[in-house]
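Work through the exercises below with the model in view. Try each task before reading its solution.

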Amino acid sequence: MPANLLACRTASYGKFSESAYAHLPTIGVHHVEINAPAPDQVDEVKARLEHHELSASSLQCPVEIEYGDVDARLTPHLDAAAALGAGTLFVSVQAGELDRSLAYERLHRAGIRAAEYGITIGMETHPDLITNAAVALETMRGVDHPNVRVNYDTANIHYYNRDVDHVDEMEKVIDYIGSMHLKDTDGRYKTWCFPTFGEGIVDFKTVFDRLNAHGFHGPFTMEIEGVEGESLNEEETCRRVADSVAHLRSVGCDV
């Protein structure tokens, strides 16, 4: 069976995000999700990652579907991903007032451009195109391109919806999942509570088991956004990331 790819958003370290580069390898995590660098910064970012024995599994960038040349606007980010060896562009896309059929068509063209690089666009579990499983299925079928997929977020599904189950919702869109954000939550609607893994309700073991059985092995990217009102120091922040990795391993997730 292929190994699972576990990554971490450097933003999980909050105001100590620079600490992620040195800390993650010490806890056995060698992949990161970072912002797509500007063209003149790619070499510097690549050297920094290599220095810390890290690789970028995904880059966060915009997909500007409000513009007709969305595919051209995506090209510099695809160039950066190719240079860094990142197989996924993590994006949050809102159609807003744009006609859905036009939004789908533009995302399809973005998919065509991404396919030229062998890269997948992972659309985050955000309103208004990936709000929940039903909305995500409508979007995926409308876009109809294999290089545009769902970035399923185990906590956002609760944050943006009432009375849902993160495993059930995941099962509904499992054929369209191209990347994952692992995040714990207390499960309450619109409540900013994304704690250390194991302190919330997310069943990470079942998430991994179901996805692995379906042939998906990552990237599984940890996104730890914390709890409203907290103020952690650098040591506490690093410990929270380490404890979250330890929780995944303790429940039998193969990472």
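**Exercise 1.** Find where Thr 191 lies and which residues Thr 191 touches.

Solution. Step one: Thr 191 sits in the loop between strand E7 (177-182) and strand E8 (193-194); strands here are DSSP runs of E with at least two residues, helices are runs of H or I with at least four, and both are numbered from the N terminus. Step two: leaving out residues up to four places away in sequence, Thr 191 touches Tyr 159 and Asp 186, where contact means heavy atoms within 4.5 Å.

This is a predicted model, in which local features need pLDDT of at least 70, side-chain atom pairs count only at pLDDT 80 or more, and totals for chains, interfaces and linings use all residues. Residues are numbered from 1 along each chain as its sequence is written, and side-chain values use heavy atoms, with hydrogens and water left out.

**Exercise 2.** Describe how helix H3 (residues 70-84) packs against helix H4 (residues 100-117).

Solution. Step one: the axes of H3 and H4 are 9 Å apart, at an angle of about 30°; axes are lines fitted to C-alpha atoms, for helices over the stretch in contact, and angles run from 0 to 180 degrees between N-to-C directions. Step two: H3 is therefore roughly parallel to H4, a label for angles under 35 degrees.

**Exercise 3.** Locate the contact between H4 and helix H5 (residues 133-143).

Solution. Step one: the axes of H4 and H5 come within 8 Å and cross at roughly 65°. Step two: Tyr 104, Leu 107 and His 108 of H4 meet Glu 138, Thr 139, Gly 142 and Val 143 of H5.

Terms used
Parallel < 35°, antiparallel > 145°, perpendicular 65-115°, else oblique.
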